[in-house]
Amino acid sequence: MVQQEGYERGRETEEFRRDTALRALGILSIEGGQLSAYDDQSIRGITTALEPTSWDYGFALSPKEVEDVKDFSEKTASLSDEEFVRHLKGTLKIERRW
Amino acid sequence: MRKRAGQVFALLDKVIEALPVPSTHRELLQVQLGVGKERAEAWPEMSVIQLPLLVHTAVAGDERPALPVAAACTLLYLGADLLDSTLDHELPPSWHTHDSAEVNLAATTLLAALPQLSIAILRERGTPPARLWALSYLFADTVLELNAGQHEDLLFPNRENVSLEDSLAMVKRKSGAPYALFARVGAVLATEDSSAIEAYAAFGSCFGVAKQLINDAWDIWGEDESQDLLNGKRTLPIVHALSVLRGEQRERLQNLLAVARESAEHHDEVRSRLAAAGSVRYTALMVWLYQQQARRHLSAASPQGPAGRELRMLLDRASLLPQAKEARLWPKQT
């Protein structure tokens, strides 16, 4: 199997804390930057300097993923959560899952 | 795409018609075959049919030799779908007159026996034994991973803390593994180039995860009544919210999730709290990351011709972003 960049690293070495990285991205995704509710310095740092902070804290994001996250942030900066929900409810067509 | 679906189901009709079983068991299998046909009619882009055929065509220029493996993938899909519908209490109306033992028997036959028999058609067409064995092993390996993922999915509602990584790993087993198979078998039949085969498999895995996460978001926000909330499922948006919320907010969500299992009355409040926790945006981000990875793997595989364009088009649709926001879809080549 081809190793999928980033996503497999947490299992290869304990040095990388994949779940912490995912949780940090999760908190970042809260609209309006309500970070005062979370007293996690690493997560505050990641908002201002994604790349150095993520590596300082051993976050398992590959450089390509960091680029993808930035790309996503740029594309969605003007989108509200309501717009995401409207898209899901109104226009998105889905294939039946199992 | 509709034509391909028609060809695969025509082959499946023949496979099931030729089975040396009593007509009662054949009719049972035909019930689920009918479910599959209805679904393909409504959604001809069905990945289980399109991926093996498009990948084979993108490598070897012809889809016909891959029809038996596409049929085998569809049988696996129909069996897994039946099992999942049973677990989630979502059996389609055509199964309502059958008892659960019959449903289980049909799912077992579809998952464990029929894909191998469909692959056996390739023997008559001169496929070497080593390749037949490789294909057969891939199906067994995928059913193992898929069922392990389904089992985790069942157990998560009763676990106190499910991490985001746990959740994504489960999705990768449950949905990434079968999609990896759909793409891989098309490549295995078309080439011996292991790097191309692995690139297609990795593309399939990422594509499958992205599609599952889209389904999970759609179940919560796209429908008035969420089947996942009724089933107490811990899908990624829910795991996300429980991971980032603290104290009273987290406790309130946990209580709401418990009552949301009883009726749809509180589903709107759950949706609001999940959205306020950033869960819809987070899920869109994860879909985006997997979609981008899938694009890189597909680019590495270099699919050729119109089939390559169709594969890219299918992947383009695996997104939670409104299309206008996807100005640059394909990553830069490195």
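Okay, helix 3 and helix 8 of chain B. In this predicted model, helix 3 covers residues 47-60 and helix 8 covers residues 164-190, and the two pack with their axes 8 Å apart, at an angle of about 30°. Angles under 35 degrees count as roughly parallel, so that's what we call helix 3 and helix 8 of chain B. As for handedness, helix 3 of chain B goes past helix 8 of chain B in a right-handed crossing.

Who's touching whom? On the helix 3 side of chain B, the contact includes B:V48, B:L51, B:P52, B:L53, B:V55 and B:V59, and on the helix 8 side of chain B you've got, among them, B:Y179, B:F182, B:V185 and B:L189. Glycine and serine show up too, as B:G186 in helix 8 and B:S47 in helix 3. By type, the contact residues of this pair split into 14 nonpolar, three polar and no charged.

Now over to helix 11 of chain B, residues 236-244. Nine of its nine residues are buried, so the rest of the structure largely encloses it. That list runs from B:L236 and B:P237 through to B:V244, and it includes B:H240 and B:S243.

Zooming out, then. Chain B has 15 helices and zero strands. Its radius of gyration is 20 Å, close to the 20 Å the globule rule gives for 334 residues, so chain B is as compact as a globular protein of that length. Along the principal axes, the C-alpha atoms fill a box of roughly 65 × 55 × 30 Å. Of the 334 residues in chain B, 49% are buried. And if you take the contacts in chain B with a separation of 6 or more, 74% of them come from residues 24 or more positions apart.

Terms used: Residues numbered from 1 in each chain as written. Chains lettered and ligands numbered in written order. Predicted model: local features only at pLDDT ≥ 70, side-chain atom pairs only at ≥ 80, totals over all residues. Buried ≥ 20, exposed ≤ 12 C-beta atoms within 10 Å, placed from the backbone. Helix = DSSP H or I, 4+ residues; strand = E, 2+ residues; numbered from the N terminus. Axes fitted to C-alpha atoms, helices over the stretch in contact; angles between N-to-C directions. Parallel < 35°, antiparallel > 145°, perpendicular 65-115°, else oblique. Left-handed = near helix turned anticlockwise from the far one by under 90°. Contact = placed C-beta atoms within 7 Å. Nonpolar A, V, L, I, M, F, W, Y, C, P; charged D, E, K, R; others polar. Rg over C-alpha atoms; globule rule 2.2 N^0.38 Å.
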